[in-house]
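Work through the exercises below with the sequence and the 3D view at hand. Try each task before reading its solution.

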Amino acid sequence: YDELKNNRINYNADILVLTLPPRLLLETINFKPSLPENIQIDLLSKPTWMGAQAKIVVTFDKAFWRDENLSGNVVSWAGPLREIYDASTERDESALFGFFSLPPSIRNQYDKESIHNKVIDQLVRLFGPKAKYYNNIFYKDWSQDKHTVTEGDKLNIESFPSYGQPPKYAENMIFSGTEYDEQHGGHLEGALSSSEKAYYKIKKLMSYK
Ligand SMILES: Cc1cc2nc3c(=O)[nH]c(=O)nc-3n(C[C@H](O)[C@H](O)[C@H](O)COP(=O)(O)OP(=O)(O)OC[C@H]3O[C@@H](n4cnc5c(N)ncnc54)[C@H](O)[C@@H]3O)c2cc1C
C-alpha cells in the first residue's frame, strides 16, 4: 500500500468498488468532486465493530491446563484479559487466546513487553507457574492499525451499530465491505454477503454495455 502511494498510477474505470471501512474511506480517500454530505454523514455514523479491541495468543509446548481438568476458558475482571479461551488446534499446537479489558487509551501507555508481562502474570495466577514457559506471544492491537480504524473507532462501542448501504449516489460506485451489509454488518459474514452483492451489481452493470 505505501509503495503504491508513492508511485502514483492513473486508472480509468467504468465501475468503482470501495472496500475500505466507511470512516477510513472518508478519511483517507480524496474524492473529487466530494461525496455528497448525506453520504459523508452516513459513512461517519458507521464505526468499525471491534476496532477498539486487541487480541493476544500465547503458545505452549503442551496444553498443560488440561492435565488439571481446566478448560482454559475464563471470564475475568482481574487482569489485562477479560476473556480467555483455549485456542489449541487439533494438530497439537497448544495456545491460550485472550481479549483485553484494558481500553486502547490504557493499552497505549504500555510498551509491548509490559503488555506481555501483564498477560503472563495473569495466566500464571489462573493456570499456575507452567504458564511462564510459553513459546511465543502474538499480540495485535486493532486500535493501532491505521488500515482498519480511525481515531473515532478507538472508543469502545456500547451497543451494536446500525449497518447497511449509504444513501443512493452514483450507480457505478459500489460500497462493499462488512459495514455496508444490512444483515450481518460488523461480522465476517457481512463482508462475504456484501461482496456477493457487489458481484451481482457489477454483473448487472456490465450487462448494459
Ligand atoms: C478484534 C476483532 C475481532 C473480530 N472478531 C470477529 C469474530 O469473531 N467473528 C466475525 O465474524 N467477525 C469478527 N471481526 C470482524 C471481521 O474481522 C470484519 O467484519 C471483516 O474482516 C471485515 O472485512 P472487510 O473486507 O469488510 O474489511 P477489512 O477486513 O477491514 O478489509 C479492508 C482492507 O482494506 C485495506 N486498506 C485500508 N486502507 C487502504 C487503502 N487506502 N488502500 C488500499 N487498501 C486499504 C486494509 O488493509 C484491509 O485489508 C472482528 C474484527 C476485529 C477487529
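**Exercise 1.** How do the residues of the lining of the second largest pocket divide into nonpolar, polar and charged?

*Solution.* This is a predicted model, in which local features need pLDDT of at least 70 and side-chain atom pairs count only at pLDDT 80 or more, while totals for chains, interfaces and linings use all residues. Residues are numbered from 1 along each chain as its sequence is written, and side-chain values use heavy atoms, with hydrogens and water left out.

Step 1: On a 1 Å grid over the protein atoms alone, a pocket is an open set of points where a 1.4 Å probe fits, with protein on both sides within 12 Å along at least five of seven lines; lining residues have an atom within 4 Å of a point. Ala, Val, Leu, Ile, Met, Phe, Trp, Tyr, Cys and Pro count as nonpolar, Asp, Glu, Lys and Arg as charged, and the others, Gly among them, as polar.

Step 2: sort the lining. It holds 8 nonpolar, 10 polar and 2 charged residues.

Step 3: locate the pocket. Its volume, the space filled by probe spheres set on the points, is about 490 Å³. Of its 20 lining residues, Thr48, Trp49, Met50, Thr178 and Gly186 are closest to the centre.

**Exercise 2.** Describe the largest pocket in the same way.

*Solution.* Step 1: the space in the largest pocket is about 1400 Å³.

Step 1: 32 residues line the largest pocket, and Ile9, Leu16, Thr28, Ile29 and Asn30 lie nearest its centre. Helix 1 (2-6), strand 1 (16-18) and helix 2 each give two or more residues to this lining. Helices (H or I, at least four residues) and strands (E, at least two) are DSSP runs, numbered from the N terminus.

Step 2: the lining of the largest pocket has 18 nonpolar, 8 polar and 6 charged residues.

**Exercise 3.** Which residues of helix 3 are buried, and why do they lie on the same side?

*Solution.* Step 1: buried means under 20% relative accessible area, exposed over 50% (1.4 Å probe, protein chains only). In helix 3 (residues 37-44), the buried residues are Ile39, Asp42 and Leu43.

Step 1: these residues cover an arc of only 95° around the axis, which puts them on the same side of helix 3. The arc is that of the directions from the helix axis to the C-beta atoms.

Step 2: Glu37 and Ile41, on the other side of helix 3, are exposed. The buried residues pack against helix 2 (22-28) and strand 7 (173-175).

**Exercise 4.** Which residues have the most contacts inside the largest nonpolar core?

*Solution.* Step 1: a nonpolar core is a set of buried Ala, Val, Leu, Ile, Met, Phe, Trp, Tyr and Cys residues joined through side-chain atoms within 4.5 Å.

Step 1: the largest core has 20 residues, and Phe100, Val119 and Leu123 have the most contacts inside it. Helix 6 gives the largest share of this core, 5 residues.

Step 2: leaving aside neighbours within four places in sequence, Leu123 is in contact (heavy atoms within 4.5 Å) with residues including Val58, Phe60, Ile84 and Leu96.

**Exercise 5.** Where is the cis peptide bond from Lys32 to Pro33 found?

*Solution.* Step 1: the bond from Lys32 to Pro33 has omega near 0°.

Step 1: Pro33 is in the loop between helix 2 and helix 3.
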